[in-house]
Every structure is written in structure tokens, then in C-alpha cells.
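Morning, everyone. I have a short tour of side-chain contacts today. Let me put the structure up before we start.

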Amino acid sequence: MTDPRSQPARKAEVHFGQRLSRAGHLARSLLTSGPSVAWLLLFLLLPLVIVAAMSFLSRGDYGEVQLPLTFDSYKRLLGFGELGFDPLYPGILGRSLLLGAATAVFCVLTGLPLAFYIAGLPERWKNLALTLVVIPFWTNLLIRTYAWQIMLAPASWLAQAAAMLGLIPAGGA
């Protein structure tokens, strides 16, 4: 029989000054991560599942999707159509994959040396170098900000529609 003092002591699980049980850990995880997981499921996974399910539907006479479920879309993607093999879709798919791979390689070949160069700079120059790298990405934010300003301006069609519905006072507030 072994001496209980020779066994390693179990560490108490203390987080942020609180001792938590398994249920406490689960509750805290659901509280903190639950909303973001629900958001991802709702706006990322659910649309992906819908698109995947629709890919098995067949096309109607006018291009609408309808039952029965078939593999026709996947056969067409692989190049097998009604008139035999057609290399159009496999060619497009191959070029897209090649372009994506070339872009990834180009980004790695240009980004890694720049990252190592910035990491090797003296401390006083690192922030300036990082700012110069990040400034082009701010253009997208600036354009979106101006677009929102135009869309939400008092004279915009959106403000006029909201005024007609009685959501805001007429003339824009």
C-alpha cells in the first residue's frame, strides 16, 4: 500500500480568483464563447450547409433549382455534360486552384522577408515600419466609412424610406 503523502497533490482549479467545478467551467465557457459560436454557426456553417444541400438539387427548365436530388452539378464540374466530356469547368477549376496557390506562395515569399526585416529593426523604428505596412489596409476601412456616410445621410434614399415608414422624423434627424 502506498503512502498518500507520496502521491502528487491535486491542484485546485482556480481561475480569476474563483475555484470552479466542471459545471462552473462549462457555464463560464458557454457564457463567454457561446455567443460567438452561435454567431459562427448561424452565419457561417448554416449557409454553407444550405449551399451544399442545394448543390444536389437539379435544374429546372428555366434554371430554377428543384427536386430530385442528383449529382449532375458535380458531374458537370468534373467535365461530364450532356454531350460528353467538356474541359471547360475542369479548366476553370484548375486555373482557380493554380491562381490561389500562386497567390499564397507569392504572399509567403514577400511577407516573410518583410516580417523578419521588421523584427530585426531597432525598437524605435519597429512601430513606424508596422504602421507603414498597415496603412494600405486602412483604405478599405476609409472607403466603407464614406459609403456608410453616404447611405445614412439625411437626403439619402434610406433616410427617406425610413421617414416614409415613420421610423425617423421627416427631413432627417
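Is K75 buried, exposed or partly exposed? K75 counts as partly exposed, at 44% relative accessibility. Keep in mind that this is a predicted model.

Now look at what K75 does. Its side chain meets that of D72 in a salt bridge, at 3.6 Å from N to O.

E123 and K126 join their side chains in a salt bridge of 3.3 Å, N to O. Look at helix α4, residues 123–151: both partners are there. Again the spacing is 3 residues, about one turn of the helix. E123 is exposed, with a relative accessible area of 62%. K126 is partly exposed, at 21%. That value sits just inside the class, because buried means under 20%.

On to the rings. The structure has 4 aromatic pairs. I will show two of them.

Start with F56 and F71. This pair is edge-to-face, with 5.6 Å from centre to centre and 85° between the planes. Why does this pair tie separate parts of the chain together? Because F56 lies in the loop between α1 (22–54) and β3 (57–59), while F71 lies in the loop between β4 (65–69) and α2. Those parts are 15 residues apart in sequence. F56 is partly exposed, with a relative accessible area of 30%. F71 counts as exposed, at 57%.

Next pair: F56 with Y74. This one is tilted, at 5.2 Å centre to centre and 40° between the planes. Y74 lies in helix α2 and F56 in the loop between α1 and β3, so the pair links parts that are 18 residues apart in sequence. Y74 is partly exposed, at 35% relative accessible area.

F56, F71 and Y74 form one aromatic cluster. F56 takes part in the pair with F71 and in the pair with Y74.

Definitions and conventions:
Residues numbered from 1 in each chain as written. Predicted model: local features only at pLDDT ≥ 70, side-chain atom pairs only at ≥ 80, totals over all residues. Heavy atoms only, no water. Salt bridge = Lys/Arg side-chain N within 4 Å of Asp/Glu carboxyl O. Buried < 20%, exposed > 50% of the residue type's maximum accessible area, 1.4 Å probe, protein only. Helix = DSSP H or I, 4+ residues; strand = E, 2+ residues; numbered from the N terminus. Phe/Tyr/Trp six-rings, centres within 6.5 Å; stacked < 30°, edge-to-face > 60°.
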